[in-house]
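Me: Before I rely on any of the labels attached to this model, I would like to go through them one at a time and ask what each of them rests on.

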Amino acid sequence: MKGSEIIIESLKAAGVDTIFGLPGGMVIPLYDALYDSDLRHILVRHEQGAAHMADGYARATGRTGVCVATSGPGATNLVTGIANAYMDSTPMIAITGQARSDLIGTDAFQEADITGITEPIVKHSYLIKRTEDIPRVFKEAFYIASTGRPGPVVIDIPSDMQLEDIGYKPAGRLNLPGYKPTLKGNMKQIRSAATAIAAAERPVIYAGGGVITAGAEKELLALAKLMKIPVTTTLMGLGAFPENNDLSLGMLGMHGTGYANYAVTHCDLLLGVGARFDDRVTGKIATFARGAKKIHIDMDPAEISKNVPIDIPIVGDARDVLGGIVAELRKLKRRPKQTAAWMDQVIAWKQKHPLHYKDFKGSIMPQYVIEEINRISKSDAILCTDVGQHQMWSCLFYTHIKPRHFISSGGLGTMGFGFPAAIGAKVGRPDKIVIDIAGDGSFQMNIQELATAVCYDIPVVVCILNNGFLGMVRQWQELFWNKRYSDTVISCQPDFAAVAEAYGALGMTITDKKDVSDAIRTAIKARRPAVLDFHVRAEENVFPMVPAGKSIDEMIGGHRT
Amino acid sequence: MKHTLSVLVENKPGVLARIAGLFSRRGFNIDSLAVGITEDPDVSRMTITVDAAEHPIEQVTKQLHKLINVIKITDLDPERTVARELSLVKVSTDAKTRGEVMQIAEIFRARILDVGKKSLTIEVTGTTGKIEALEQLLRPHGVVEIVRTGRVAIERGGK
Ligand SMILES: Cc1ncc(C[n+]2csc(CCOP(=O)(O)OP(=O)(O)O)c2C)c(N)n1
Ligand SMILES: [Mg+2]
C-alpha cells in the first residue's frame, strides 16, 4: 500500500468523512488516492477557505475538521486559518504536502518550512520522515487535536513518503508520555467551590467556549437554576447558556450588555468556566470584578491566574467539574434566599439599561436585520459571522439559545472567516439553516468561495450588512480619532448581488426596510447559496462600548444611563 | 531569583526549536540552556535557567507543560541541588605574566588546556559564582575569549 493510501486509511480510522482542500504538485499522490476513495473532498478556491471550512465544520459538529494543501504557497495560505483555529481552540488537522525528503533544506521548488512557520500557532505538529510512521502520526494527531483543550495539528508529508509502497499496519496503542490532559476536577477544590458559591450573596457565572467544547451546557443550566445565579457569556460562549432564560445576562466585555458588565463589576463571587479572562472581556484588569472571590474552571492549567489572580482554581473538564459542584451543592441542601436582593438589582439593571438602538427613518438599521433573522429562523439557525460591527450586532441582537449555533472568529478576529466557516458548518450540519452575517469588507476576503458553495450546492445564506465602510475601524476613528476616516471608506464596492449571480448563486439587493424579511425568507426557501446585500445605515455604531483600557462598567452609548 | 528547571523531553526532532520558540514568544528570557541525552536514549534533558523576578515561574512551567513533547519539569530546589557549569577561558599571557595566571588557575582548581606564545587556555568547572570569580581575576590580564556551557544540575541523594 502506498503512503498516500495509508493516509486515506488513517483518516478513515479517525472517523473522517469529509475534507476540504486544493491540490498541488506535492500532494498529487494523495489526491490520486483520494480519487478512488469514498472520502468526500470539497475543492475550495483558496486554501484559507479550506482551513476556515474545516474550522466551521468542527465548531458546528464537535468533530475534528480536516484541510489539505500542497507545499509552499498552499501551506502558507493555510496559516491564517490555523492561527484562527488555535486562538479559538478548534480541533483541526491541517495536512500539507512537502518537498521530497531528500530535497528538504535546499530551498527546493515550493519548499516552505510549514512546521516551523506554524510552530507558535499549533497545538502540535509533525514532519513525517518515514512512511511507516503515517498511521501512528495520524492517530496521535487526531487524539491531540480533539482532546484536552482542542487545537490545530499540522501534518507535513514529503511527496516521496506518499509514494513509497509499504505494508499498511494500523497504528498501535497511543504512547504520548508528555500529554495527559486532566479531566476530573480535584474533589477538594470542587468542594471549596461549592462552599464559596453557597456563601455568596452576589454571584455571577462567566462562561466561555470551553463550556461548549465540553458539552457542559446542561450542567451549567442546572447550577445557575439551582442557586439562582445570573450567567454572562463571552463571544465564544454564546449559546452555552440560553439567552431566553431570565438568568441570562448576554455577553460581557468591550461590547457587552450594560447589565452583564455591571453585574460582573459588582459581584462578590465570579465563577469563570471555560473562559480565559481575555482583554476584550476584562477591560482594565485591575478593576475587573474587583470585589469578587474568583473561581476558575478550565481544562488548560496555563489559563488559570494567567491574567487575573484566582482564589479557587479547578483544572478539569467543565462538564465533570460543574456536575461535581452541582452534586456538592445538592448535598449542602442550603439554599438561602440570600441572593434575592442581588437578583432584584440585576433585574433593575436589565430594565434600566436594555440593549437598544435608535431607528432612523428611511434607513435599514443593521440591528433590525439581525432581529429579523432571529425572528424568522426562530433563533434556531447556525449563525456564522465575519469580523467587525456586524459581528458584534450578531452577538447582541440575536437570541443565542443553543451551543454550536454561533460560529465567529473570537480570538484572532479574522475578517473573511464567516463565509467559508458557514460552508463548513452547512457541510457538517446539512439539516440546519446556516446564515453568514458578513461585512462588506470581510466578505471580499473570501468571496471566491461562492464558487465552492455553488459547485457543491451548499445552500448557505450570506447576509451582508453593507455599510460602505470598514465599519468597526471607522467607529474607532469616529470616537477616538476625530472622525478622520483614513482608508475606512470602501469605495469601488462591487454589486454583490450581481457577483453572486455571476457565480451562479442567488443575489438580492435590499435598500428598503419593508423588504428585509421577505428577502430573508426567500433566500432560506431558495435552498441554494444566496447573497443578500442589505444596504444599512452607514455610520451606525456598536454600543455599548468600553473604550480601550477602561473598566468594563465605564461604557459609552447604547444603554440608557 | 534564578530558577533552574530540569526538563525531560522526548528525544525528537524539533523539540529544542519548540522550547526556544515558546520562551521567545511568551517573552520569557533564558539565562542559560544545556541539552543532553539521559540514561534513556528516547529522553533528553534540558536544564534551563530563568529569571523568575521577570516572569512568574508558574506561567513558564505551565506553558512548557503544554508542549506535547515535554514529559516532566522539575523546578530544582537550590538547597538540594548540585549545579555545575564549565568555562573555557583564553587569557593573553607572555613569559612574564604566565606564572601568575597559572597560579590563579590553580587556586580555582582549573586546568591548563593549552599554552601558546601569547595566550593560555584554562578550563574551569564549578558553580556560576566560582566561574565568574575566576573570570574577574583573569580580566586584568586580558581575556581574549570565553566559551561557557549552560548550567547542568542534579538533585542530591534521593532516588
Ligand atoms: C484580516 C483582517 N484584516 C484587518 C482587520 C481589522 N479590522 C477589524 S474590523 C474591520 C472592519 C471590517 O469591515 P466590514 O467587514 O465591512 O465589517 P463592519 O465593521 O463594517 O461591519 C477591520 C478592517 C481584521 N480584523 N482582520
Ligand atoms: Mg462594513
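Me: What makes up the area that is buried between chain B and chain A?

Reply: In this predicted model, about 1400 Å² is buried between chain B and chain A, and carbon and sulfur atoms give 48% of that area.

Me: How many residues does each chain bring to the contact?

Reply: Chain B brings 18 residues and chain A brings 19 residues.

Me: Why is the meeting of A:Glu119 and B:Arg25 called a salt bridge?

Reply: The term asks for a side-chain nitrogen of Lys or Arg within 4 Å of a carboxyl oxygen of Asp or Glu. The side chains of A:Glu119 and B:Arg25 come to 3.1 Å, N to O, and therefore the pair meets the cut-off of 4 Å. Between chain B and chain A the count is two salt bridges, and the count of residue pairs in polar contact, both at pLDDT 80 or more, is six.

Me: Which elements of chain B give two or more residues to the side that touches chain A?

Reply: They are α1 (15–25), α2 (57–66) and β4 (70–76) of chain B, and α2(B) gives the most, with five residues. Sorted by class, this side of chain B has seven charged, six nonpolar and five polar residues.

Me: How do you know that A:His390 is in polar contact with ligand 1?

Reply: A polar contact is a pair of N or O atoms within 3.5 Å. An N or O atom in the side chain of A:His390 is 2.8 Å from an oxygen atom of ligand 1, so this pair qualifies.

Me: How much of the accessible area of ligand 1 does the protein cover?

Reply: On its own ligand 1 has 590 Å² of accessible area, and the protein covers 76% of this.

Me: What makes up the shell around ligand 1?

Reply: The ligand is surrounded by 17 residues, with A:Gln389, A:Gly413, A:Asp440, A:Ser442 and A:Gly471 the closest. The shell divides into nine polar, seven nonpolar and one charged. At least two of its residues come from each of α17 (389–397) and α20 (471–480) of chain A, and α20(A) gives the most, with three residues.

Key:
Residues numbered from 1 in each chain as written. Chains lettered and ligands numbered in written order. Predicted model: local features only at pLDDT ≥ 70, side-chain atom pairs only at ≥ 80, totals over all residues. Heavy atoms only, no water. Contact = heavy atoms within 4.5 Å. Buried area = accessible area lost by both parts, 1.4 Å probe. Polar contact = N/O pair within 3.5 Å; in protein donor to acceptor, adjacent residues only side chain to side chain. Helix = DSSP H or I, 4+ residues; strand = E, 2+ residues; numbered from the N terminus. Nonpolar A, V, L, I, M, F, W, Y, C, P; charged D, E, K, R; others polar. Near = heavy atom within 4 Å. Areas by Shrake-Rupley, 256 points an atom, 1.4 Å probe, with all protein chains shown as cover.
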